[in-house]
Amino acid sequence: MSAVETVRNIYAAYSRGDLDGSLSYCSDDICFTWVAEPNLVAFAGRCENKQDLRRRMIELHDVYEYRSFTPVDIFGGGDRVAAQTVLELTRRDNGKAFTLRCCDIWTVRNGVATEMVEYYDTGLLAAMDQS
């Protein structure tokens, strides 16, 4: 399986709401980084393994209703993949709905994701987090 196919499978499972299915394509020691200012948003920093990532993703779903998750563009070469995704979210505690675009950079080795770095609009997320 190519690196692009691996990422497509991760996103397909995640789009269906199958978190464990998406994580099945990730290494046990996946390094997942949200590039964000931790003073602005709660979901910033790194997860150093699959269980930590799973826990953080569940926390995200506790805070935000994911109305949709759409991979827009996925491309790559060798073991590197870049993707743009669009998320339609609603903050559960204040009802604010918004669209968040993300850029994800993946490293995939032997059909398994080993690293992902995600960039997103931290200013937008911080504004939506205000009560």
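The model is predicted, so local features need pLDDT of at least 70 and side-chain atom pairs count only at pLDDT 80 or more, while totals for chains, interfaces and linings use all residues. Residues are numbered from 1 along each chain as its sequence is written, and side-chain values use heavy atoms, with hydrogens and water left out.

The protein chain has four helices and six strands, which are DSSP runs (helices H or I, at least four residues; strands E, at least two) numbered from the N terminus. Along the sequence they follow the pattern α-α-β-β-α-β-β-β-β-α. The C-alpha trace spans about 45 × 25 × 25 Å along its principal axes, and 46% of the 131 residues are buried, meaning under 20% relative accessible area with a 1.4 Å probe and protein chains only.

Ser27 lies in strand S1, which covers residues 26-35, and this residue is buried, with a relative accessible area of 11%. Not counting residues up to four places away in sequence, Ser27 touches Lys50, Val112, Ala113 and Thr114, where contact means heavy atoms within 4.5 Å. Its side chain also takes part in the polar contacts tabulated below (pairs of N or O atoms within 3.5 Å; within protein, one must be able to donate a hydrogen and the other to accept it, and residues adjacent in sequence count only if both atoms are side-chain atoms).

| Ser27 group | Partner | Distance |
|---|---|---|
| Ser27 side chain | Asp29 side chain | 3.0 Å |

How values were computed:
Buried < 20%, exposed > 50% of the residue type's maximum accessible area, 1.4 Å probe, protein only.
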